[in-house]
Amino acid sequence: QVQLVESGGGLVQTGGSLTLSCVVSGTIFSVNAMGWYRQAPGKQRELVATITSGGNTNYVDSVKGRFTISRDNAKKMVYLQMNSLKPEDTGVYYCNADVQTSVFRRMNYWGKGTLVTVSS
């Protein structure tokens with residue numbers, strides 16, 4: 001059984017910063033790509049940023065230059081440093097991981113999400 005648990009969400013003013021963390025636990029052979037997604041009220045879930053096991057990153061245009069995704073492979077953790085936050089960054093942020101649970105089995109997992117609220 002694999003679990004992803006996010007932390008670090010909260011209420012912050014416009015222009016502020018937050019750092020989200022996500023830890024992957026359970027029966028894990030290896031963790032491949034990891035990422036952060038968000039869902040604003042009344043909107044569909046969207047990709048925010050991804051990072052490969054080798055450290056290659058990808059960001060949605062709206063967060064480029066403000067957000068930084070990173071990971072610690074030894075700790076099986078992924079982070080999202082969010083700076084210069086805007087009200088439109090408000091939403092539930094979900095951690096996602098592509099996990100190899102054995103040599104032959106690979107599955108995609110989601111965390112339950114952490115709420116980020118940016119006040120204007």
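The following legends describe several views of one predicted protein model.

The model is predicted, so local features are reported at pLDDT of at least 70 and side-chain atom pairs at pLDDT 80 or more, while totals for chains, interfaces and linings use all residues. Residues are numbered from 1 along each chain as its sequence is written, and side-chain values use heavy atoms, with hydrogens and water left out.

**View 1**
Buried residues (under 20% relative accessible area, whereas exposed means over 50% and partly exposed lies in between, with a 1.4 Å probe and protein chains only) make up 40% of the 120 residues. Contact means heavy atoms within 4.5 Å, and among contacts between residues at least 6 apart in sequence, 55% join residues at least 24 apart. The accessible surface, from the Shrake-Rupley method with a 1.4 Å probe and, for residues, with only the protein chains shown counting as cover, comes to about 6500 Å², of which 49% belongs to carbon and sulfur atoms.

**View 2. The disulfide between Cys22 and Cys95.**
A disulfide is a pair of cysteine sulfur atoms within 2.5 Å, and by this rule the count comes to one. The sulfur atoms of Cys22 and Cys95 are 2.1 Å apart. The torsion about their S-S bond is about -85°, so the disulfide is left-handed. The pair links distant parts of the chain, with Cys22 in strand β3 (residues 18-26) and Cys95 in strand β9, 73 residues apart. Both Cys22 and Cys95 are buried.

**View 3. A network of salt bridges that links Arg38, Glu46, Arg66 and Asp89.**
A salt bridge is a side-chain nitrogen of Lys or Arg within 4 Å of a carboxyl oxygen of Asp or Glu, and the structure holds five of them. Asp89 lies in the loop between β8 (77-82) and β9, and Arg66 in the loop between β6 (57-59) and β7 (67-72), so the pair ties together parts that are 23 residues apart in sequence. Asp89 is buried at a relative accessible area of 1%, and Arg66 is buried at 11%. Arg38 forms a salt bridge with Glu46, the closest N and O atoms being 2.7 Å apart. In this pair Arg38 is buried, with a relative accessible area of 6%, whereas Glu46 is partly exposed, with 32%.

**View 4. The salt bridge between Asp61 and Lys64.**
The side chains of these two residues, Asp61 and Lys64, come together at 2.9 Å from N to O. Asp61 is exposed, with a relative accessible area of 60%.

**View 5. The surroundings of Arg66 and Asn83, whose C-alpha atoms are 5.1 Å apart.**
Arg66 and Asn83 are 17 residues apart in sequence, Arg66 in the loop between β6 and β7 and Asn83 in the loop between β8 and β9. Not counting residues up to four places away in sequence, Arg66 touches Gln81, Met82, Asn83, Ser84, Leu85, Lys86 and Asp89. With neighbours within four places in sequence again left aside, Asn83 is in contact with Gly16, Ser17, Arg66 and Phe67. Asn83 counts as partly exposed, at 30% relative accessibility.

**View 6. A nonpolar surface patch made by Phe29, Val103 and Phe104.**
Patches are made of residues with over 30% relative accessible area and no salt bridge, with like charges joined within 9 Å and nonpolar side chains (Val, Leu, Ile, Met, Phe, Trp, Tyr) within 5 Å. The patch of Phe29, Val103 and Phe104 covers about 410 Å². Phe104 is found in the loop between β9 (91-100) and β10 (106-110), and at 80% relative accessibility Phe104 counts as exposed.

Terms used. Helix = DSSP H or I, 4+ residues; strand = E, 2+ residues; numbered from the N terminus.
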